[in-house]
Every structure is written in structure tokens, then in C-alpha cells.
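Open the model in your viewer and keep the selection panel at hand. The stops below say what to select next and what is there.

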There are 2 protein chains.
Amino acid sequence: MPLKDQMVPDSEIEQVGLLDAVDDLYDGVVVEMKQHMDADIFVPLLRASLSQWKQQGKRGVWIKLSIQLANLVYPVVQEGFRYHHAEPDYLMLVRWLPNTADTLPVNATHRVGIGAFVVNDNREVLVVQEKGGAFKGTGLWKLPTGVVNEGEDICKAAVREVKEETGIDAEFVEILAFRQSHQSFFSKSDLFFVCLLRPISFAIQKQDSEVAAAQWMPIKDYVDQPYNQEHQLFKYVAEICRTKLERDYVGFSAMPMVTASGKKVYLYFNGRDFSKL
Amino acid sequence: MPLKDQMVPDSEIEQVGLLDAVDDLYDGVVVEMKQHMDADIFVPLLRASLSQWKQQGKRGVWIKLSIQLANLVYPVVQEGFRYHHAEPDYLMLVRWLPNTADTLPVNATHRVGIGAFVVNDNREVLVVQEKGGAFKGTGLWKLPTGVVNEGEDICKAAVREVKEETGIDAEFVEILAFRQSHQSFFSKSDLFFVCLLRPISFAIQKQDSEVAAAQWMPIKDYVDQPYNQEHQLFKYVAEICRTKLERDYVGFSAMPMVTASGKKVYLYFNGRDFSKL
């Protein structure tokens, strides 16, 4: 039993001054700093708080500093904290208090992107040429692609990107394939999902800022482009798309579900094979 | 044409002192700070460098500060930088120089996990009970699960986790299903891939630190556990696993490929339907 807890009444501890903290579900505490504070006021509060948390048997201590409080980053690091993750407007630091290996969760490791294979009843594919990026000026007609936003479902990101780039309304059908690659951005990895979409509207209104050109192109012309024939990954993706149109290729469809904790998620699986039940 | 570029010879600019920077592929520069430097030496160097980069038409300026250089975070933020991402040992800051909307890449948004469905020829599933986590003490026998490491392929992570938790050697066969969920950790999302593996060894040697128990369990007993029957997501995953054993359910197999830039990646797709070609 920690000694100090038994000897010092709560009221006196509060007089010394402690940081406001919220318990987390893993015997840790989270401090979220939003108001400006000078380091010489902050550091004594942090030290007193760390002392109490140790006595209480706390494990992970999280400190979230808004970027307006960048002046506190160095003092917090000097108190034994390391970085955990950062977003544009804040930095999260963490310190593991016990003398054991930490079980702190890892940072996010992947970005997620989509490519949309949108086909009309004439077996024409919706394709674009981009103003920037790796294929700028190559003449390659490619599927509309984009990055899945934070908190966005893959199946919804595909619909959104098609609408944004081409003005076409479409429905998600299934994921035909996906690709994982590494070191895509600094040390981070990348998951790219090729999604089949069914168009609901057909008149193209391209986005001027990113898209140089957009059109409906016969599937054969799309697949036969030299770049798609010469590069293994592009060739496979193009051939999988063609196979989907010509034969009995089934990808993963999306089923919305609610988890035990009430969270809405999507499960993606081979719905045709499963529903033969 | 910027004025100063024409008037000041390169040699004089270097005498003022500039930060070492490497050009990136997007008209930006990357500064990686590893050696200790006092802020009052660093700030004049940064200001002179920013001035030159603006003249050169540079766009994104990246500054990577190792955690030993936390003293420079506040000065860098005061020069108009924001956070981009952080890992335990460094913080990446960025500033967009042009007077246009930035096209800087987003941070990683997802963590990736795997669950391994390992089945022997007796239709028994490899299951574990964990010492910690959400199912501690519930009696639920679950598939071995784990987090995909930075830079690790999904198909290899499944094999590694099975070996680590149970001592069983196994081969990756295919991905049966996957689930995307949001707000899993702070604002980050989570992708969880259910992988089918074929065991090569059969004698269980469980990992003592995380695993309370491990065994081979008849598939029926696994699926029929009350928790798996009462929770929609778990029920679907369990039924998809059973379907795989009993009928003609095909997931996505993994094909290694090399990209145009020489990077090794995996493409996951319905190999059975595609290879009917």
C-alpha cells in the first residue's frame, strides 16, 4: 500500500496542485492540456501528479498538448515522456510508469486508399487523367482514386471520390482486390482497395482542380493501354476488372453490422459463397 | 524572379548559414535534425533557410526532430510549422510555403490487425484464452489475434502471431473476411483481417505472458460458444470460418508482385475465380 496515500488527506494533495486527469480503461490516466500554461507552473504540477499516479499504481500516463502549448513539449520530454502520435493540432506524449515492458498501443501504421471501377451497361469504364501525381502527362487513363478520410468507410469513400472527380453518382458493389505496400510515406504503409461501383448517373462533370480529363472508355481499350500491359500490378488489376465483367468473379461485399459495444462497422466477405447456405 | 537570388552569390548565402536540407519529389525540402543544437543558434538558421526556400519556390518544408531535440519543437512551431506525425523517437513538423491550399499528404489513419483461423485435418480450430484484454475472464475461446507491425505484410503477420502465441507453425492460405471500424484508438480507425492458415506443426507451446490457455477445439464447439452466437459480428466471422470448412467459400489469396518502382507488394484477390481463365 503506498505510504503517502494513507498519510496525506486528499484536501492537502489538492493544495499542492495536481493536473486534471481522466482514468482510461487500462489503468492509465489521460491529461488533456488546452489552456496556456507557463512551464515553470506546469512542471511542479506534473511532478506532483506523477508522484500520486505512481502511488495509485497507474500504468500509462498520456499527455495531450494542443499545438498552442508547444512550449510544454520539452519539459514533458524531460520528465521521461516519449512521443506517441501527432495530428496537425496536437501532440500526444506518453510515459509508462511500472518497471515492466509497456503494453501501450502502437500508433496508426497505414493509410488507406481506393480505386473505383465504375462500369456502365455498354461495358465502358469511367476513367480519368490527373493534373498532378505520378501519371501526370503520361496519357494514362486510370480509375478514379483517392484517400479514405479519417473515420470514413471504404465503401463510402469510393462513392465520394467518384462523385468528386467526375460528378457521377454511383453505388458501391464490392471490393475486387486490394494491395498492401510499405514505406509509402515516411515509414508508413498503404492499403489500396479496388472497388466495383454501379453508376446511377452518366453525364460527366469533371473536377477542374485535380482532373485533366474524364471519359467513359471501352473496357478493352482501358485494359490494353501499354502501361497496364507492361506493369505487373496494373495488369493484374486491369485483368481482374475485365474478368469481373466477362466471367464469374466474386469479390468481397460490404455488410453493415453493430458490435457488442454499439459501434457501427462493416464486415467485407464473399457474400455469394456465404449466402449459398 | 526572386530578387535576392540574383543579388546574393551562393557563397554569401552559405556564410549566413543554412540548414542542411534534401529535396523531396514534390517541390519540397526535408530537414532532418539529429544533433543537439541550441534554439538561439537554430532559429536564425531556420529563418535564413525559409527565406531561401521561398525564393526557390519550394512548397512543403518538413522538419524531422529526434526526441533528443525536443527543445526545438516550440521554436519551430513559432516559425509557423504544424505537427504532421510523430513516432516514439521523433516528431515531424511541416509548413506549406505557397499562398495556396496545401496538398500535403495526410497522416496514417488506420491500425491493422489479424485474426488467424488455423484448422487441422480433424476439423479442429486453434483457439486461445487471453490473460488480458476485453475477453479476460469471460471463458471465450477465440482465434489468435494480433497487430500487424510497421512494414509487415498481413499474410506474414498472421503466421508470426500464431507462432508467438501458440508455438504452432502454419502457412497462410487466404483472407476470409475483414472488418473496418472507427474511433478504435483516439481518432484512428482499425482494419481487422480474418486469415485462414494451414498448420504445419501441431504441438501447442503457449506463450505465457499473454496467453492463459490454448487448445485445438472442434469447429462446432468454437462456433457454438454463446458469445459467438449472441454477437452479430462474431457470429458472422465464426460462420464464415465454418462455411470455409464445409462448403465452397473462397476468400482472397495473396500474390507477391513487384511494382514499376521495384517495390515488393502483395495483391490480394479471389484467385480461384481469376484463375479459371
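Select A:L126, which sits in strand β7 (residues 124–130) of chain A; helices (H or I, at least four residues) and strands (E, at least two) are DSSP runs, numbered from the N terminus. This is a predicted model, in which local features need pLDDT of at least 70 and side-chain atom pairs count only at pLDDT 80 or more, while totals for chains, interfaces and linings use all residues. Residues are numbered from 1 along each chain as its sequence is written, chains are lettered from A and ligands numbered from 1 in the order in which they are written, and side-chain values use heavy atoms, with hydrogens and water left out.

Is A:L126 buried or exposed? A:L126 is buried, with a relative accessible area of 0%. Buried means under 20% relative accessible area, exposed means over 50%, and partly exposed is in between (1.4 Å probe, protein chains only). Now show what A:L126 touches, where contact means heavy atoms within 4.5 Å. Not counting residues up to four places away in sequence, the list includes A:V118, A:K142, A:V162, A:I204 and A:W216. A:I204 is 78 residues from A:L126 in sequence, yet the two are 9.1 Å apart in space, C-alpha to C-alpha.

**Strand β7 in chain B**

Move to strand β7 (residues 124–130) of chain B. Here 5 of the 7 residues are buried, so the strand is largely enclosed by the rest of the structure. β7(B) pairs with strand β11 (residues 211–218) of chain B in the antiparallel sense over 7 bridges; two strands pair if DSSP finds at least two bridges between them. To see one bridge, select B:V127 and its partner in β11(B), B:Q215.

**Domain 1 of chain A**

Zoom out to chain A, which is divided into domain 1 (21–96) and domain 2 (110–269); these bounds come from an automatic or database domain assignment. The centres of the two domains, taken over C-alpha atoms, are separated by 41 Å.

Within chain A, find the open sheet of 5 strands, in the order β1-β2-β3-β5-β4, with mixed pairing. β1 (22–23) and β4 (82–87) of chain A stand at the edges with a single partner strand each, so one side of each has no neighbour in the sheet. Inside the sheet, β3 (residues 60–66) and β5 (residues 90–96) of chain A pair in the antiparallel sense over 7 bridges. A:G60 has A:W96 in β5(A) as its bridge partner. What packs on this sheet? α3(A) does, touching β2 (29–33), β3 and β5 of chain A, and its direction makes about 155° with that of β3(A). Axes are lines fitted to C-alpha atoms, for helices over the stretch in contact, and angles run from 0 to 180 degrees between N-to-C directions.

Select helix α3 (residues 39–55) of chain A itself. Its 17 residues reach 24 Å from first C-alpha to last, close to the 24 Å expected at 1.5 Å a residue; the expected span is 1.5 Å times one less than the number of residues. Among its buried residues are A:F42, A:L46, A:L50 and A:W53. Just after the helix, A:G57 takes a positive phi of about 75°.

**Where the chains meet**

Next, select strand β9 (residues 170–185) of chain B. 12 of its 16 residues are buried, so β9(B) is largely enclosed by the rest of the structure. Strand β13 (residues 264–269) of chain A pairs with β9(B) in the antiparallel sense over 4 bridges, and A:Y268 stands opposite B:F178. β9(B) also runs antiparallel to strand β10 (residues 188–199) of chain B, joined by 11 bridges. The hairpin of β9(B) and β10(B) has 2 residues between the strands, and B:F186 takes a positive phi near 50° there.

Select B:I175. Leaving aside neighbours within four places in sequence, its contacts include A:F178, A:F252, B:I154 and B:F193. B:I175 is one of the residues that touch the most other members of the largest nonpolar core, which has 99 residues. A nonpolar core is a set of buried Ala, Val, Leu, Ile, Met, Phe, Trp, Tyr and Cys residues joined through side-chain atoms within 4.5 Å. A second, separate core of 52 residues includes A:M33, A:I63, B:L69 and B:L91.

Finish at B:P105, in the loop between β5 and β6 (110–118) of chain B. At 23% relative accessibility, B:P105 counts as partly exposed. Its contacts beyond four places in sequence are A:R111, A:F185, B:W62 and B:H84.
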